[in-house]
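Colleague: I am new to this structure and would like to learn how to read it, beginning with the contacts around its ligand. Could we look at it together?

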Amino acid sequence: MLILAIESSCDDTAAAVVNGPDQVQSNIISSQFDVHARFGGIVPELASRAHIEAIRPVVDQALLEAGVTLDDIDCIAATRGPGLVGSLLIGFTFAKALALVKNIPCVGVDHMAGHLLSPFLDENPPAFPYTALIVSGGNSSLFAVKDQTSFRLLGRTRDDAAGEAFDKVAKLLGLGYPGGPVINSLAPKGDAEAIAFPRAWLDKNSLDFSFSGLKTSVVNYVNRCRQKNTPLAVEDICASFQEAVVEVLVEKTILACKGNDHKAIALGGGVASNSRLRELMLKRCEQEGFSLHIPAPIYCTDNAAMIGLAGYYLFKQGTILNPDDDAYSRSPLN
Ligand code: KG4
């Protein structure tokens with residue numbers, strides 16, 4: 001069964017052709033990196049405009065690379081939410097219109113469901129049930145994944161997402177955007193114990209996250225250095241900040257896995273590319289006897305292949321969109 005999948009929830013326009021459920025025939029991503037870089041973050045109105053320009057060529061490219069035409073497609077899957085509504089509406093409306101014209105079913109996929117199932121696009125997927133940590137520029141959430149369509153939220157950030165904290169600290173240090181990859185590359189040159197940044201464990205056994213206090217602590221540290229005219233040890237700041245984020249992400253994920261009697265952990269979202277997160281999570285999983293499943297970076301970041309995969313199961317369930325169904329900015333799952 002051939003699915004054309006479309007994702008436009010934030011700043012990437014993506015389309016994929018997936019032979020359901022998980023055989024990816026093409027996976028095209030058009031990044032808006034150049035549009036937003038000079039603003040140090042995503043500008044929603046510019047994101048919507050860039051999606052309008054990119055959506056048609058990206059879909060055409062996905063069909064071309066898969067060696068199929070629209071007439072071969074059995075179902076269209078599109079991200080329905082959560083995300084920037086202006087961005088979502090471009091891909092979602094495009095998908096519904098195509099489906100209407102071609103008289104084929106269209107399914108509306110929750111972006112989080114795509115991330116939760118993305119390990120199945122790679123070799124070595126986890127066995128159900130498993131614990132999933134989704135960490136990106138917009139989300140830091142823990143889920144119990146029971147099967148392909150049943151997900152339970154265990155905890156989420158109460159303020160900033162982990163990727164957002166990486167981006168804001170990088171901006172403060174003048175390291176550019178997006179901040180995660182550059183902090184990740186500088187951190188190994190610094191000392192992770194040089195600065196005692198706080199870890200927000202919150203209430204005992206809480207599976208929620210909070211990164212705004214850590215971010216403020218970095219701001220205060222940098223301001224103090226500047227007031228005293230002390231040179232900034234950027235690499236030490238990166239290493240100490242990264243360690244504070246990663247330690248909390250890892251320990252809460254392990255706690256969630258133990259508490260739910262799961263045996264496997266999956267990661268998703270752009271921050272799942274972080275090498276220190278991968279290293280520490282692997283070490284702790286080995287200690288606890290859990291298996292760890294991290295998709296390739298192309299499936300960690302926003303992509304349409306994961307939307308096609310999750311869309312396949314919605315289609316099998318019979319959850320088909322009506323033409324007047326709307327997109328949503330907040331996920332019912334989150
Ligand atoms: O999932 P994603 O591609 O899309 C959005 O959420 O929009 O995640 C992007 C986020 C950004 O905040 C970026 O700084 C972060 O993921 N990121 C990383 C790394 N690579 C990307 N954070 C830490 N370490 C990385 N290696």
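Modeller: A polar contact is a pair of N or O atoms within 3.5 Å. With that cut-off in mind, and remembering that this is a predicted model, we can turn to Asp167, where an N or O atom of the side chain is 2.7 Å from an oxygen atom of the ligand.

Colleague: Which backbone atoms lie 2.8 Å or 2.9 Å from an oxygen atom of the ligand?

Modeller: For Gly137, a backbone N or O atom lies 2.8 Å from a ligand oxygen, and for Gly270, a polar backbone atom is 2.9 Å from an oxygen atom of the ligand. Taken alone, the ligand exposes 550 Å², and the protein buries 88% of that area.

Colleague: How many residues surround the ligand, and which are the closest?

Modeller: The ligand is surrounded by 20 residues, the closest being Gly137, Asp167, Asn184, Gly270 and Thr301. By kind, the shell divides into 12 polar, five nonpolar and three charged residues, and the space that the ligand takes is the largest pocket.

Colleague: Which elements give two or more residues to that shell?

Modeller: They are helix 5 (162-172) and helix 6 (179-186), and helix 6 gives the largest share, with four residues.

Colleague: Why does the ligand lie between domain 1 and domain 2?

Modeller: Both domain 1 (2-116 + 301-316) and domain 2 (124-294) give residues to the shell around the ligand, so the ligand lies between them.

Colleague: Away from the ligand, how should I read the backbone angles?

Modeller: The general idea is that most peptide bonds are trans, and that most residues other than glycine have a negative phi. In this structure, the peptide bond joining Gly20 and Pro21 is cis, with omega about 5 degrees, and Pro21 has its place in the loop between strand 2 (12-19) and strand 3 (23-31). Another cis peptide bond runs from Gly81 to Pro82, where omega is near -5 degrees, and Pro82 lies in the loop between strand 4 (75-81) and helix 3 (85-102).

Colleague: What is the phi of Asn103, and where is this residue placed?

Modeller: Although Asn103 is not a glycine, its phi is positive, at about 60 degrees, and Asn103 is found in the loop between helix 3 and strand 5 (106-110).

Key. Residues numbered from 1 in each chain as written. Predicted model: local features only at pLDDT ≥ 70, side-chain atom pairs only at ≥ 80, totals over all residues. Heavy atoms only, no water. Near = heavy atom within 4 Å. Polar contact = N/O pair within 3.5 Å; in protein donor to acceptor, adjacent residues only side chain to side chain. Areas by Shrake-Rupley, 256 points an atom, 1.4 Å probe, with all protein chains shown as cover. 1 Å grid on protein atoms, 1.4 Å probe; cavity = no way out; pocket = protein on both sides within 12 Å on 5 of 7 lines; lining within 4 Å. Sits in = over half its atoms within 2 Å of the grid points. Nonpolar A, V, L, I, M, F, W, Y, C, P; charged D, E, K, R; others polar. Domains from an automatic or database assignment.
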